[in-house]
Structure formats: C-alpha cells, structure tokens
Amino acid sequence: MKTKTYKNFILSVIFIPLFLSSCEKMVEVDLPANQIASQQVYADVQTADAALAGIYAGLYSNSLLSGDRMGLLLSLYTDDLDFFAPTATNGMMELYSNQLIPTNAVVYTQWSGAYQLIYSCNAIIEGIERSASVSAADKARIKAEAQLIRSILLYYLQQLFGDIPYPVTTDYKVNQSLPKLARAEVLQKLETHLSESTTVLPDAYRNPERIFLNRKGAQLMLAKVFLEQKRWSEAEVLLKGIINAGSYSVQNDLSKTFKKSGTHILWQLKPANSGDATKEVVAYYFDFIPPYNYALSPDLMAAFSAGDLRKAAWTKPVTVGSNTWYRAYKYKNLTGNTDEYSIVFRIEEVYLLLAETLARQDRTAEALLYLNPIRTRAGLAPVTGPMTEAALLDEIVRESRVEFFTEMGHRFFDLKRADRLNVLVTKKPNWKPHFTLWPVPEKELLLNPNLKPQNSGY
C-alpha cells in the first residue's frame, strides 16, 4: 500500500501542474508546496526516473502516440479506414468526411493533450537541472530523455498543424502568449534538441522490454527531421547507423510482428495494467456483426498484392449475410493480454525510410536492398531494376501503406512528405489542397491571439 501511495505522489507532482496549465485563466497557487514536492522528486535518480515513467504512462493513455489516436485518426482522415458510427461522435464524422473546422473536438484534444505532456516534459527538465543530489550523468540522461519525448510530440504537432508554439519552460507568463514559430524554425529547433539527445542517451535500453527511449530512437527522429528538410544524405547516415548497430533485425515471422518481444522493436508503450488489451485491439474490434465504428477501407484492401501474407496475418474478414468487411488484426489479445504492447517505432520503418532516402539520391539499386526485405518476408517477389526514381518512390509509398496501415499515421505522413496528399481527391469527395494541415483550435486562438493567423483555408 505504501508503494502504491508513493507512486501516486510521484505522478501527482508531474500531472497536477499539467492540469493547471490547461486552465483558461491562470490563478495564484501555493507554489511553495509544489516546489517542496519537486525537490523531493529530484532528490535521487529513482524518484526522478519514476517521474519520467509518469510521462511514458501519459503517452500510452492520452497522447498522439496512443494506440487509438494518431494512427486511427489519420487513417480515417485519409483512405485506410471507413467510419460507421452515428454522426454524433464528438467530431469524428467531420474528421472522416474531411470537414474539419477550428471548433472540432478531435482537433482540440490532440493539440491540448500534446501540449500538456510537453509541459510535463519541461517540468522534468527544469526539476532535474535544479537537483543538487542526482549525479551529473543521470541528470544529463534524464534531461535528454524528457527532451526527446518533447521533441517527438512537437514533431508530430508540426506535421499536423504547421507553424506551432515551441514551449521550453513551465513559466505560464511566457507560455500563455507564445507565438507560433514557422515550420522551418520548428525543424531547426528539433534538430538542435534531437542532436543533443543523440549525444547523451546510450544505445542500451533502461528496460529490456524497450519501453523507454534510447539513442536509436533519437536518431530515428533526427532522420525524420532531415527528411522533412530534404537532407537525404544526412538522413541516410543515421538510418544506416540504426540498421548496422546489430541490435535490430526485420521480423520475418508476421505472426510475431506485434508481440512485445523482438529485435525489430525500437520503442513500444506498455499498457497501464497487466493483462490489459492494447488500445489498438479495443479500437478496431468487431465480430459477427457489421462494423459499428471502423473497418479497413476497400481501397486499402485492394492495395494488397496477390499473395501478400500480411493480408491474412494482419486483417480479419467479418462476413454478415452477403457483406464482408475487414478489421485491423495486427494486435490480437482482447483479454488476458501478456505479450502485446503498443509499438511506436520498429525497424521495418527504418528500412523503408532508408530506401526512400536512397531513391531520392537516384541510387535505385541500393534502395532496393532495403525495400525488398520488407516485401520478401511478406511472400512477395523482390522488385527489380532498373526503374525511375518516381516509379521506385511509388512502390515505397505503396509498400509502406500495406506495412503500416493504422500505425502512427504513416499513410498521411508518407503522402505528405512525397507531396502526394492530393491523390486523396479521387477517394475522399471533400478533400481540399489545404487539408495538408489541420486548423489551430479556436479555443487556443481565443486564449492566445499570438497564435494567429489561422491556417489557410479555415
């Protein structure tokens, strides 16, 4: 009982300020109590790591990275999921039908939830920097890890919203009036902070289940920033470094891809309680009856080549009468889950990103060396050259779609990076060119006029 109470105390130190930061009007609070609590949290490395664990718990339960968030939302927003729920679904129908407006609840929840966790990351960074009793090495590692989590959240916010505020403090007087930074400035700051994390974090995992970030996670995120900046050769170096590290290998057994044990996993999030189903299982489940929320779109199912083993392994048909739908079946344990966590990064993504960077440098033969292992383990023949850069990039985008459907928004981000999101105009009747970005939530614009102007088209 004492252990549980102490754990709750640690989490409250992190998340009480998080709650206060979301209030519309900042009020005077009894700061000395919080300051004393913070001193206690950062008095030794165990309590500081417990505070950091609270951030990871928040990532699993309520963040863009949660298994029922970005992967699901962007699959609806693009063309990988169809929506069957009633129209009164708190903004989900508007997301699916590409009719987002600044007051949409889904948009607001993603923005506010991410910034609340960013606030908590900043609280850890500030707290550990003030610690007088934690060793210099542990202080550097904890700061780098919190900074990496903050960078990941800011990276995805930038992808969704474009120009965004970039808070690096818990000072509400600063944060309540932060202006948006231009996309290029955000990417530059991310490069700086991710580079710092890559120099501090070790390759070794703090936990063998790979539930905490390491250097390779930071390098993958830095490579993604370089891809956004079209710095192909620099991204190539980082991606090859991950593959050649010897700690990761493609999972050739498709039935084990979404099991928690495997050298293909770079980072995964652990369910809150032992035995809990992952959020992905709960979100996509339906059986014996027509879908009541989501089903894989016919367009996605048609993207699987004949003989692709991933179709049988990772999708499940549900037939009712003369109608058949498919649900995502990557995660399978609806009850009694002991061997599935929510995977955020896996090595197969690194392979396809490296194939893309090499294709962008007109090195087709080399690119195929990283594309084909993903295909052949799915029972498909290797792609052979010669082929044009455009044709190879088409193949990479298609391969990524059938490999990563419903995972982490890959479909949206892949099309966006390739400047191909407008292919959706033939599949989504309401699609408009400005839908490359979501609107900034109206609530935030009212609270902070420095966030204006609103994104174009909204």
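This is a short chat about a predicted model of a protein chain.

Me: What should I know about the model before I start?
Reply: It is a predicted model, in which local features need pLDDT of at least 70, side-chain atom pairs count only at pLDDT 80 or more, and totals for chains, interfaces and linings use all residues. Residues are numbered from 1 along each chain as its sequence is written, and side-chain values use heavy atoms, with hydrogens and water left out.

Me: OK. How many helices and strands does the protein chain have?
Reply: There are 19 helices and six strands. Both are DSSP runs numbered from the N terminus: helices are H or I with at least four residues, strands are E with at least two.

Me: What is the radius of gyration, and what would a compact globule have?
Reply: The protein chain has 22 Å. A compact globule of 458 residues would have a value near 23 Å, so the two agree. The radius is taken over C-alpha atoms, and the globule rule is 2.2 Å times the number of residues to the power 0.38. Along its principal axes, the C-alpha trace spans about 65 × 50 × 45 Å.

Me: And how much of the chain is buried?
Reply: Buried residues are 55% of the 458. Buried means under 20% relative accessible area, exposed over 50%, and partly exposed in between, using a 1.4 Å probe and protein chains only.

Me: Switching to helix pairs. At what angle do H3 and H7 pack?
Reply: About 10°, with the axes 11 Å apart. H3 covers residues 45-61 and H7 covers 136-161. Axes are lines fitted to C-alpha atoms, for helices over the stretch in contact, and angles run from 0 to 180 degrees between N-to-C directions.

Me: Which residues meet there?
Reply: From H3, they include Val45, Leu52 and Leu59. From H7, they include Asp138, Ile142 and Leu153. Contact means heavy atoms within 4.5 Å. By class, the contact of H3 with H7 has ten nonpolar, no polar and four charged residues. Ala, Val, Leu, Ile, Met, Phe, Trp, Tyr, Cys and Pro count as nonpolar, Asp, Glu, Lys and Arg as charged, and the others, Gly among them, as polar.

Me: Now H17. How many of its residues are buried?
Reply: Twelve of 16, so H17 is mostly covered. Among the buried ones are Leu392, Ile396, Val402 and Phe404. The buried residues pack against several elements, including strand S6 (342-346), helix H15 (347-360) and helix H18 (410-417).

Me: What follows H17?
Reply: Thr406, whose phi is positive, near 65°.

Me: You mentioned H15. What does Leu353 touch?
Reply: Leu353 lies in H15. Not counting residues up to four places away in sequence, Leu353 touches Leu220, Lys224, Leu227, Leu239 and Arg417. Lys224 is 129 residues away along the chain, yet the two C-alpha atoms are separated by 8.5 Å. Leu353 is buried, at 6% relative accessible area.
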